[in-house]
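Colleague: I would like to go through this model and hear what each label rests on.
Modeller: Ask about any label, and I will set the value against the rule.

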Amino acid sequence: MGLAVDAGVLFVLKTMVSASADAAAIAAARSLSVGLTIDAQKASATADALAFFNANMKPGSYGTKNQSVAIDIAESSYRTRTVTVTAQLDAPQYFMRYLGFNSTHIVASGKASRRDVNLMLVLDRSGSMKDSVPPAADNGAPCTTMRNAAATFVNMFAEERDRLGLITYGGSWYLSFAPSKTFKTGSPSMLSRIASISCNGGTGTGTALWNAYDQVSKINEPGTLNMIVLFTDGYANLVHANFPVRTASDTRYGYTTGYKQWSTTNKSYSGTTTCSSYSTSCTMEPSPCVDPSGNLYDRNAGQTTRNYTAPNWNPNYKPSPIRGGLTQAAGDTYSLGTGATYGLITEKASSATDVNDPIVSAAGCAFTTDYPGNNNSSSNRVYNNGNSSTPVYPTNVRRDIAFMPDIDVNNVNTDGYKDILRYSSGSYVNRKRVDRPMDVTGAGMNVADNVGILARNDNTIKPALYTIGLGSNGGVDHELLRRIANDPASPVYDDTKMVGMYAYAPTPTDLNQAFVRIASEILRIAQ
């Protein structure tokens, strides 16, 4: 009977010591991100391990004696730190002491590992994220809230162990902070870069996501947890590509300024302005593109008179495609068949504070004048071209570019997830349209989705993708963000690939929780 009772006591105490050691190891592993140096992180982890063990197994409780706890923190494998907590104490004997056994020595241990990460944070700084002044009840200052939530997220990772980088994007993307292990203490730091974010512009999600993947690929550490975390509050409605110049007539929706048709009888441009409505289609003559020397498409080099009458394009002038971003300007949705499209926008911002998405100044086809016959007046100029005093009509872009290319600037397909309407007649038949907002947005969403597929299929670095959507300004496409993340709720979920997560924040006040949820999933401790 004495043996049975004392054995039961030992079993209970052994279980308690083992559970306490496990809890201490997990707490210590989670604390490895606290501190700006590796020594400080070890000290923090050791202190937390002791605190957790003693809270669960108070010294001297249940008649125990000689309790001791040893904590060892070591790199058990490449960029993986393991915390081992070994606890021991003397458990009292009650009946067996009559046979000379006063106590029994108990030893238990717990282990927890934390793998270091390479992580690119991709933050949407588009115009829909802009804080209202004063903040509206349904707006909640999303840009400010995002900055604060992102800073909390970054602080959950370990200086000198984890490697973090930052890409911000609107109509253009910018590498705000190159991946570094000194993301908290560097000058500038990633935290200071986040604090300086201003929100304005379009939503070029696909290009930003591709460049984040490119940064992780260049680090090239297959043994590490490679991660990309994407935040957005809207549809991926912009595509960066090399757009062909429109050199032939066709029928499409009009644009801001419109133009006068060429009269073969009068040999001049006359009559009323046409093609000036986004919702009305008409036969549109070739782009009034000019070459670097200022010659219009219907002139031979060095000549001032027209050799070719509209709509005939000069076969001696073959402009190169124009590199830039095309977006929709009619609304952040994938449902608008008519409305403005806007561009072209620079692919990459020139600085961390460049949020104005400057109109591209394209070599070889400067787009500096309105349609031929309108006297080439400076008041009719379309693109800024570096001159701030020149009027800018970026919605005229649909007149100047021919169609949406099949690939973007990074060779990512613009087909896929969303259907895109194509021209049904004319010189660009079966080419993707650029004069309908939903087709431009569809191409942008396809690029973002295809980048997710590209990353998931990388069997070398095996990146995991996480997405966060904010729904305060017209909502986000939940399906697209689940697809990118390979979230288990995605309709194309593949359990053979790296599994990520999509976290939704209905309002800006929910944003911090969404970021913390993603960080907790990434930093999940392995026992």
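Colleague: Which residue in S13 is the bridge partner of Phe 243?
Modeller: Ile 322 is that partner. This is a predicted model, so bridges and contacts here are those of the prediction.

Colleague: What makes S8 and S13 a pair of strands?
Modeller: Pairing needs at least two bridges between the strands. Six bridges join S8 to S13 (residues 322-328), so the two strands pair under that rule. They run antiparallel.

Colleague: Why are S8 and S14 called edge strands?
Modeller: The open sheet has three strands in the order S8-S13-S14, with antiparallel pairing. S8 (238-243) and S14 (341-345) each have a single partner strand, so one side of each is left without a neighbour in the sheet. From one strand to the next, the twist averages 30°.

Colleague: What packs on this sheet, and which strands does it touch?
Modeller: H7 packs on the sheet and touches S8, S13 and S14. The direction of H7 makes about 115° with that of S13.

Colleague: Why is H7 described as largely enclosed?
Modeller: A residue is buried when its relative accessible area is under 20%. In H7, 18 of the 20 residues are buried, so the helix is largely enclosed by the rest of the structure. As for its span, H7 (residues 437-456) reaches 29 Å from its first C-alpha to its last, close to the 28 Å expected at 1.5 Å a residue.

Colleague: How many disulfides does the model have, and how do you know that Cys 143 and Cys 199 form one?
Modeller: The count comes to two disulfides. The sulfur atoms of Cys 143 and Cys 199 are 2.1 Å apart, and the cut-off is 2.5 Å, so the pair qualifies. The link is right-handed, with 80° about the S-S bond. It joins distant parts of the chain: Cys 143 is in helix H3 (residues 142-154), Cys 199 is in the loop between helix H4 (190-195) and helix H5 (205-219), and the two are 56 residues apart.

Colleague: Are these two cysteines buried or exposed, and what values decide?
Modeller: Cys 143 counts as buried at 3% relative accessibility. Cys 199 is buried as well, with a relative accessible area of 6%.

Colleague: What makes Cys 275 and Cys 282 a disulfide, and why is it called right-handed?
Modeller: Their sulfur atoms are 1.6 Å apart, and the rule asks for sulfur atoms within 2.5 Å; therefore the pair counts. The torsion about the S-S bond is about 100°, so this disulfide is right-handed. Both Cys 275 and Cys 282 are buried.

Colleague: What is the strand order of the six-stranded sheet, and which strands are at its edges?
Modeller: The order in this open sheet is S6-S5-S4-S7-S15-S16, with mixed pairing. S6 (173-180) and S16 (501-505) are the edge strands, as each pairs on one side only. The twist averages 10° from one strand to the next.

Colleague: How do you know that S4 and S7 pair?
Modeller: Seven bridges join S4 (residues 117-124) to S7 (residues 225-232), and the two run parallel. The rule asks for at least two bridges, so the pair stands. In one of these bridges, Met 120 has Ile 228 in S7 as its partner. H3 packs on the sheet, touching S4, S5 (163-169), S7 and S15 (464-470), and its direction makes about 175° with that of S4.

Colleague: Why is Leu 470 called buried?
Modeller: Leu 470, in strand S15, has 0% relative accessibility and so counts as buried. Beyond its neighbours within four places in sequence, Leu 470 is in contact with residues including Met 129, Pro 142, Phe 231, Tyr 504 and Leu 511. The C-alpha atoms of Leu 470 and Pro 142 are separated by 8.7 Å, although the residues are 328 apart along the chain.

Colleague: What makes Thr 84 buried?
Modeller: The limit for buried is under 20%, and Thr 84 is at 16% relative accessibility, so it counts as buried. Thr 84 lies in strand S2 (residues 80-92).

Methods
Residues numbered from 1 in each chain as written. Predicted model: local features only at pLDDT ≥ 70, side-chain atom pairs only at ≥ 80, totals over all residues. Heavy atoms only, no water. Helix = DSSP H or I, 4+ residues; strand = E, 2+ residues; numbered from the N terminus. Buried < 20%, exposed > 50% of the residue type's maximum accessible area, 1.4 Å probe, protein only. Expected span 1.5 Å × (residues − 1). Axes fitted to C-alpha atoms, helices over the stretch in contact; angles between N-to-C directions. Contact = heavy atoms within 4.5 Å.
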